[in-house]
Amino acid sequence: MPTLFEKIVAREIPADIVHQDDRVTAFRDIQPRAPVHVLIVPNKPIPTANDVVAADEATLGHMFTVARDIARQEGIAADGYRLIVNCNEHGGQEVFHLHMHLVGGAPLGPMLRG
Ligand code: 5GP
């Protein structure tokens with residue numbers, strides 16, 4: 001079964017895509033937690049951070065340069081932003097297709113509660 005994000009990558013279900021290339025796709029989160037909330041996903045469906053392999057390193061690194069470019073495009077680079085990758089239950093992962101959250105556009109507060 002393709003993941004929800006694979007269907008977005010394939011443009012089988014709608015999403016507000018802000019970037020797409022041969023390795024990654026970036027689109028706005030359907031439930032934004034900040035003024036800017038973009039998800040950057042590898043086109044290849046890696047389920048979780050536990051499943052990355054050495055062959056994924058170029059794609060994972062590319063996710064950072066895409067995040068940098070989107071932050072610039074969104075006008076939040078200078079003020080700053082947060083990049084988050086959740087893994088499994090304790091990380092609060094809901095969609096099992098690895099993704100980087102790019103959140104910003106306002107002060108985000110402490111990184112973790114407590
Ligand atoms: P996670 O908790 O797995 O790190 O984050 C999953 C994210 O995917 C959540 O922020 C959630 O709002 C977002 N999301 C879930 N379903 C959809 C969808 O159908 N479209 C978009 N654009 N985002 C989604």
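I looked up Phe5 and Phe27 and found both buried (under 20% relative accessible area with a 1.4 Å probe, protein chains only; exposed is over 50%, partly exposed in between). The model is predicted, so I note that local features need pLDDT of at least 70 and side-chain atom pairs count only at pLDDT 80 or more, while totals for chains, interfaces and linings use all residues. Residues are numbered from 1 along each chain as its sequence is written, and side-chain values use heavy atoms, with hydrogens and water left out.

**Aromatic pair**

I found one aromatic pair in the structure (rings of Phe, Tyr and Trp, the last by its six-membered ring, with centres within 6.5 Å; planes under 30 degrees apart are stacked, over 60 edge-to-face, the rest tilted). The ring centres of Phe5 and Phe27 are 5.2 Å apart and the planes stand at 70°, so I recorded the pair as edge-to-face. The pair links distant parts of the chain, 22 residues apart: Phe5 belongs to helix α1 (residues 4-9) and Phe27 to strand β2 (residues 24-28). Helices (H or I, at least four residues) and strands (E, at least two) are DSSP runs numbered from the N terminus.

**Nonpolar cores**

I then turned to the largest nonpolar core, which has 15 residues; Val38, Ile40, Met63, Ile70 and Leu102 have the most contacts inside it. Such a core is a set of buried Ala, Val, Leu, Ile, Met, Phe, Trp, Tyr and Cys residues joined through side-chain atoms within 4.5 Å. At least two residues each come from β2, β3 (36-42), α2 (57-73) and β5 (100-104). Helix α2 gives the most, with five residues. I also noted a second, separate core of seven residues, with Phe27, Leu39, Val41 and Val95 among them.

For Ile40, I set aside neighbours within four places in sequence and listed contacts including Val24, Ala26, Met63, Ile70, His99 and Leu102. Contact means heavy atoms within 4.5 Å.

**Single residues**

I checked Leu4, which lies in helix α1. Its relative accessibility is 43%, so Leu4 counts as partly exposed. Beyond neighbours within four places in sequence, Leu4 is in contact with Ile13 and Val95. The C-alpha atoms of Leu4 and Pro45 are separated by 10.0 Å, with the two residues 41 apart along the chain.

I next checked Thr59 in helix α2. Thr59 counts as buried because its relative accessibility is 16%. With neighbours within four places in sequence left aside, Thr59 is in contact with Arg23, Val24 and Pro42.
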